[in-house]
Amino acid sequence: MSAVLVGTSHGTDDPAGQAAVRALLAGVRAARPELDVREAFVDVQQPDVGEVLVGAVRDAGAAVVVPLLLSTGYHVRHDIAQAVAGVNANGPDGGAAGADGIVAGAVAADPLGPHPLLVDILADRYAAAEAAHGPFRSDDAVVLAAAGSSVAAAATAVEEVTSALAQRLGRPVTPSYGAGAEPRVPAAVAAARAAGQGTRATRVIVVSYLLASGYFLDRVLEAGADVVTDPVAGPAGAEKADPRLVQVVLDRYDAAVRA
């Protein structure tokens, strides 16, 4: 029996954000029908990741928590790590690899980002925004907006994605954060606009490096940008998940199973 995939998101009160995560996990199930895929949360919504993980290991003997988060941070290093440690402390195998190399007990996969497919998705979200609001000019400014974390590795990961996106777009991209790191999104938008004063009506385009609708996207929409792209999971109301995002989830699961 394969290890259960426990897709664990932050949780949100936003119905569109909730639907996007459900669609993502539905896409994972459709891509790999033999895999037991369960949903869990670290905040706001239920069931809690620890509760789901206990049931998954009890039922299948092994489970992989895939953080549906774009970077590492407190929820990965504390909430998910504690849930995994708690299950393993009470189980016979403690997350060790079995004789066939497949994990037994519980393990945590890496968060979704950075990943080349996420850069592909961001570039497409930018292109869709340009089709709706463009064409964008060379003197328009581009800011990437991430949720942010006080964990230094999270900012490093966001900077890696920002650099890759800048290379893909062939133009500078400035990273910014909703919390935990600097610059914050409103400050980055204001600085980009100030830097463009004296040019012809410079616009500021924010690329949303956020999984789905929710608190942080609402704050980005209030930050004063001229254009804000759809989040990584796509526009609100999308019935099916982007297959590339589904593949990122499966890549993280597969890597954790064989690690």
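# Legends to the close-up views

**View 1. Helix α3 bends by about 30 degrees at A81.** The bend at a residue is the angle between axes fitted to the seven residues ending there and the seven starting there. Helices (H or I, at least four residues) and strands (E, at least two) are DSSP runs, numbered from the N terminus. The model is predicted: local features need pLDDT of at least 70 and side-chain atom pairs count only at pLDDT 80 or more, whereas totals for chains, interfaces and linings use all residues. Residues are numbered from 1 along each chain as its sequence is written, and side-chain values use heavy atoms, with hydrogens and water left out. Helix α3 comprises the 16 residues 74-89, which at 1.5 Å a residue should span 22 Å; the end C-alpha atoms are 21 Å apart, in agreement. The expected span of a helix is 1.5 Å times one less than its number of residues. Buried in α3 are V76, D79, I80, A83, V84, V87 and N88, where buried means under 20% relative accessible area, exposed over 50%, and partly exposed in between (1.4 Å probe, protein chains only). An α-helix has 3.6 residues a turn, so residues three or four places apart point the same way. The buried residues of α3 pack against β1, α2 (49-60), β3 and β4, contact being defined as heavy atoms within 4.5 Å.

**View 2. Helix α2 is capped at its N-terminal end by D48.** A side-chain oxygen of D48 lies 2.8 Å from the backbone nitrogen of G50. A polar contact is a pair of N or O atoms within 3.5 Å; within protein, one must be able to donate a hydrogen and the other to accept it, and residues adjacent in sequence count only if both atoms are side-chain atoms. The 12 residues of α2 should span 16 Å at 1.5 Å a residue, which agrees with the 16 Å between the end C-alpha atoms. V49, G50, V52, L53, G55, A56, V57 and A60 are the buried residues of this helix, and their cover includes β1, β2, β3, α3 and β4. Just after α2, G61 adopts a positive phi of about 85 degrees.

**View 3. Four strands form an open sheet in the order β2-β1-β3-β4, with parallel pairing.** The edges are held by β2 (37-41) and β4 (105-108), each with a single partner strand, so one side of each has no neighbour in the sheet. On average, neighbouring strands of this sheet are turned by 25 degrees against each other, direction ignored. Two strands pair if DSSP finds at least two bridges between them. Strand β1 (residues 4-9) and β2 run parallel and are joined by five bridges; V6 has R38 of β2 as its bridge partner. Helix α8 (residues 243-258) lies across β1, β3 (62-67) and β4, at about 135 degrees to β3. Axes are lines fitted to C-alpha atoms, for helices over the stretch in contact, and angles run from 0 to 180 degrees between N-to-C directions.

View 4. Strand β5 is joined by six bridges to the parallel strand β7 (residues 204-209) and by four bridges to the parallel strand β6 (residues 174-177). The bridge partners of V143 are V206 in β7 and T174 in β6. A146 stands opposite Y209 in β7.

**View 5. Strand β5 is covered on both faces.** In a regular strand the side chains alternate between the two faces of the sheet. A141, V143 and A145 lie on one side of β5 and V142, L144 and A146 on the other, and all are buried. S208, in strand β7, is buried as well, with a relative accessibility of 0%. Apart from neighbours within four places in sequence, S208 contacts L122, A145, L217, V220, V228, T229, D230, P231 and V232.

**View 6. S149 occupies the loop between β5 (141-146) and α5 (152-169).** With 12% relative accessibility, S149 counts as buried. A polar atom of the S149 side chain lies 3.0 Å from the backbone nitrogen of V151. Neighbours within four places in sequence aside, S149 is in contact with T72, G73, Y74, A154, A179, G180 and A181.
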